[in-house]
Amino acid sequence: MTDVIRFSAARTAAAIAAGELSALEATQAALDRIAKVDDRINAFLYVDVDGAIAAARDVDRRRAAGERLGPLAGVPLALKDVLTARGMPTTCGSRMLEGWKPPYDATVVSKLRAAGVVIIGKVNMDEFAMGSSTENSAYGPTRNPWDTDRIPGGSSGGSAAAVAAFETPISIGTDTGGSIRQPAAVCGLVGVKPTYGGVSRYGLVAFSSSLDQAGPLARTVTDAALLHAAIAGHDPLDTTSIELPVPGVVAAAASRDLRGVRIGVVRELSGDGYDIGVRARFSDALEVLVGLGADVVEVSCPHFTYALPAYYLIAPSECSSNLARFDAMRFGLRIGDDGEAGAEEVMSRTRGAGFGAEVKRRIILGAYALSSGYYDAYYGQAQKVRTLISQDFAAAYERVDVLASPTTPTVAFRLGEKIDDPVAMYLSDLCTIPSNLAGGPAMSLPIGLADGLPVGFQIMAPTFADDRLYQVGGALEAALDAARGHPFLDDAPPL
Amino acid sequence: MPLRAGPYDDHSVIRQAVDTEVAARSPGSQRVVTGMAITRDEVAHLARLSRLALSDEELDTLAPQLDVIIGAVARVAEVVADDIPPTTHAVPLTNVFRADITRTSLSQADALAGAPAVEDGRFRVPRILDLDE
């Protein structure tokens, strides 16, 4: 079965459950594909061959014993290297944690293991999830499988590239300001940031605690829904985890019914600065949605234009506090402990040597925004803007069921193009940040090509209404697939 | 600005300079263009507070970049929000309790396994006090 790597997660699991394919064969196919293409993509930082084979054999043994398997049992998965998993290193893309092996599993990982998902390894990311291109990794950039001279997005660039390069059918990313959706958009995938608190952050190395959220990347809406359902749910180990039933995302992905669904196009997330090709594909997709019976209207969210500056005050502030834990004392790197230098000096040397440029920029920016005297003007004001953005969302959802925008203003840019211009890089997250600030769920799904590169369509929904993303996304994907005659990723150039 | 060039523990000088800067940027008042939003000295000071050893080259690069970034994010001051409550968390939750039941915790060996240096079953750290204290 040479095309096993092109199977969706749902089809892989169904074939395993039916005895047509073993989990070991599916895992071996993923490992072979990684061996064949990853030197050109650099998605994987660590491949856990032994652990993956053991997990696959366990699924096959359980099936042979007559056990009823879950909908993702035996499916290979790539895990962003910001989530802890026992038996594998966790680096967060940083020298600071090079070689560090965490002593516990993240709750997301525990849930994946319980579901029989085969964790193939850890994938690359911008250092501590700060970036939009995966160029900020200490372990070299990941490349976009559609054009290896271009960025795969970030910070979950490894998670996106692994799935787009057919190394694994699904992956886990994290999204603080768009770090799942932007890579999904530029790699032609489905990516979802669940409602904040919907997926446990236990074992997710914190960047900005009030914004970070783990979620699925996949090649189909259904696969994303299956993975979303597998990792979501209340967790007593995360005090910000919400105690509500997981929304019915899998059923919503299959509903295909958009009659009477009201979709609001956000006026502020369009216009100048958006590629002509991105705008054209976005308009095409809106027409498809109208054809499916949806009611498409324009809405205004006036404070969204302040989301980016507010985010770049709030996230660095939380980052400067969270990253204080990398103090060279209990884990990770220690530099300059020569017997003479005191603890503070060793701390400074270690952090100076262990953190990359973007992390340093954000730590200092955060320290600045939190300084006495600046606090009210910057951090305090940004938190008020955050309230106004939530109020914009609330007002919009009185008129519509979901909001829509392009996921990113442009298609994938070239490696190196924005690395020396932080503000230009930050603009990659213009459309995705409002959902992080307000906490609501959002999805990116592929809607076509511009200049031969994927364009993403973003759907945003109210908090706890994650199922609406899948209802709209599933219907749009089905209509586009039917018109195209084949799955979107079939258009990617072969590696 | 300009922000102090004197000793970094002179808080009154820092405070005065900061207050002047904040007044220049506060909502409602016209922004006074006084050159850099952040100086190289101030970046060096913040790096020291953050326990980040930076080279001169890094400071040369970081200071102008941060100046541009701060110029961009200062736009939040345009929003009139005096009577708007701040949001600290997207989904408000308060006082999350759990039952006080003992659970197995990390073993000592697991906790120490990733440490840079270990001695007698503990984290070994560089000296934390100056010798003359």
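Predicted model: local features only at pLDDT ≥ 70, side-chain atom pairs only at ≥ 80, totals over all residues.
**From one loop residue to the chain contact**

A:Asp238 sits in the loop that joins H7 to helix H8 (249-255) of chain A. Leaving aside residues up to four places away in sequence, A:Asp238 touches A:Thr107, A:Ser200, A:Arg201 and A:Tyr202. A:Met125, which is 113 residues from A:Asp238 along the chain, has its C-alpha atom 23 Å from that of A:Asp238.

Two packed helices are described by the angle between their axes and the distance between the axes. The axis of H7 (residues 221-231) of chain A comes within 9 Å of the axis of helix H16 (residues 466-484) of chain A, and the two cross at roughly 155°. Because the angle is over 145 degrees, H7(A) is roughly antiparallel to H16(A). On the H7(A) side the contact is made by A:Val221, A:Thr222 and A:Ala225, and on the H16(A) side by A:Tyr470, A:Gly473, A:Gly474 and A:Glu477. Sorted by class, the residues in this contact of H7(A) with H16(A) are 3 nonpolar, 3 polar and 1 charged.

How compact is chain A for its length of 495 residues? Its radius of gyration is 21 Å, close to the 23 Å given by the globule rule, so chain A is as compact as a globular protein of that length. The C-alpha trace of chain A spans about 65 × 55 × 45 Å along its principal axes. Of the 495 residues in chain A, 64% are buried. Among contacts in chain A with a separation of 6 or more, 77% are between residues 24 or more positions apart.

Chain A also touches chain B. This contact takes 60 residues from chain A and 53 residues from chain B. On the chain B side, the elements that give two or more residues are helix H1 (11-25), helix H2 (40-49), helix H3 (56-73) and helix H4 (108-113) of chain B. H3(B) gives the largest share of that side, with 7 residues. By class, the side of chain B that touches chain A comprises 37 nonpolar, 7 polar and 9 charged residues.

Definitions and conventions: Residues numbered from 1 in each chain as written. Chains lettered and ligands numbered in written order. Axes fitted to C-alpha atoms, helices over the stretch in contact; angles between N-to-C directions. Helix = DSSP H or I, 4+ residues; strand = E, 2+ residues; numbered from the N terminus. Parallel < 35°, antiparallel > 145°, perpendicular 65-115°, else oblique. Contact = placed C-beta atoms within 7 Å. Nonpolar A, V, L, I, M, F, W, Y, C, P; charged D, E, K, R; others polar. Rg over C-alpha atoms; globule rule 2.2 N^0.38 Å. Buried ≥ 20, exposed ≤ 12 C-beta atoms within 10 Å, placed from the backbone.
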